[in-house]
Amino acid sequence: MTGTRQLILDFAHRPAFGKADFLVSDCNRTAVSWVDCWPHWQATALSVYGPRGSGKTHLAHVWVVRSNAVVVRGKDIDNRAAPDILDNAPSCVLDHADEVYDEESLLHLYNYVAEIGGSMLLIARLPPAKWKIDLPDLSSRVGAAPAVGIRPPDDELLGALLVKLFHDRQLKVPDDVLVYLLPRMERSFAAAGSLVDALDRLGLEEGRAVTVPLARTVLEQLEEDTGRTGEE
């Protein structure tokens with residue numbers, strides 16, 4: 001329909017979670033190496049921390065496939081026995097591990113996993129040294145486990161990430177769009193996801209391909225939204 005925006009059916013796109021799809025660069029290479037060396041960890045647990053959208057969840061899924069681990073969120077272990085949390089799995093991913101409120105449950109889970117010879121992958125935004133843990137035994141166990149951070153993306157990874165995000169949405173984007181976006185966008189994993197989502201959505205709404213003019217419009221809109229949020 002000329003002069004009007006097309007109606008969008010809000011289907012979720014499906015990101016790939018295979019090992020070959022995980023993008024490796026200097027900012028995450030150490031974390032990837034640690035996950036790859038499992039099951040030869042020298043401790044029961046490994047902590048991986050980094051900002052939102054940094055690839056922690058993707059890396060955890062890679063490890064789940066290898067270890068047959070169960071995934072549970074930190075706030076969901078409250079008042080639960082360790083065998084119930086594991087549900088017959090030998091190991092577990094504890095996502096949002098820095099948001100655990102029931103420290104006793106986490107301590108029992110850690111001890112139980114160690115007892116059965118399993119492993120724990122603790123995923124969080126903050127490094128373990130900054131987690132608010134009051135229970136001394138739990139603090140000592142978490143503090144003794146290796147911890148590795150994922151840093152914000154460098155240019156190489158950010159460009160590759162944009163290509164992957166566009167590919168996940170089956171969008172063919174010319175190189176000049178990527179060249180335009182990289183020096184102008186916010187330099188974070190989360191921002192890359194938001195940017196690709198906005199480009200995809202506006203392109204569908206207006207029936208336009210992803211081009212430099214569309215990219216310019218979306219960047220301006222995101223900047224305006226950020227400015228309004230900052231004023232509130």
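Helices here are DSSP runs of H or I with at least four residues, numbered from the N terminus. I work throughout on a predicted model.

**Entry 1: overall layout**

I looked up the secondary structure and found 9 helices and 5 strands in the protein. Reading from the N terminus, I noted the order α-β-α-β-α-β-α-β-α-β-α-α-α-α. Of the 232 residues, 42% are buried. I then looked up the contacts with a separation of 6 or more and found that 73% of them join residues 24 or more positions apart. The accessible surface comes to about 13100 Å², and carbon and sulfur atoms account for 51% of it.

**Entry 2: Ser105**

I located Ser105 in helix α4, which covers residues 103–115. Is Ser105 buried or exposed? Its relative accessibility is 7%, and because buried means under 20%, I recorded Ser105 as buried. I next asked which residues Ser105 is in contact with, leaving aside its neighbours within four places in sequence. They are Ile77, Asp78, Asn79 and Arg80. Two polar contacts of the Ser105 side chain went into the record. One reaches the backbone oxygen of Ile77 at 3.4 Å. In the other, a polar atom of the Ser105 side chain lies 3.3 Å from the backbone nitrogen of Asn79.

**Entry 3: helix α2**

I checked the span of helix α2, residues 56–67. Its 12 residues reach 16 Å from the first C-alpha to the last, close to the 16 Å expected at 1.5 Å a residue. I listed the buried residues of α2 as Lys56, His58, Leu59, Ala60, Val62, Trp63, Val64 and Ser67. What covers these residues? I found that the cover includes helices α1 (29–36) and α6 (155–168), together with strands β1 (45–49), β2 (70–73), β3 (92–95) and β4 (120–124). After α2 comes Asn68, and I noted that its phi is positive, near 60 degrees.

**Entry 4: nonpolar cores**

I looked up the largest nonpolar core and found 26 residues in it. Leu162, Phe166, Leu181 and Leu199 have the most contacts inside this core. At least two of its residues come from each of α6, α7 (175–181), α8 (189–206) and α9 (212–231). The largest share, 7 residues, is supplied by α8.

Terms used:
Residues are numbered from 1 along each chain as its sequence is written. This is a predicted model: local features need pLDDT of at least 70, side-chain atom pairs count only at pLDDT 80 or more; totals for chains, interfaces and linings use all residues. Side-chain values use heavy atoms; hydrogens and water are left out. Buried means under 20% relative accessible area, exposed over 50%, partly exposed in between (1.4 Å probe, protein chains only). Contact means heavy atoms within 4.5 Å. Accessible areas come from the Shrake-Rupley method with a 1.4 Å probe; for residues, only the protein chains shown count as cover. A polar contact is a pair of N or O atoms within 3.5 Å; within protein, one must be able to donate a hydrogen and the other to accept it, and residues adjacent in sequence count only if both atoms are side-chain atoms. The expected span of a helix is 1.5 Å times one less than its number of residues. A nonpolar core is a set of buried Ala, Val, Leu, Ile, Met, Phe, Trp, Tyr and Cys residues joined through side-chain atoms within 4.5 Å.
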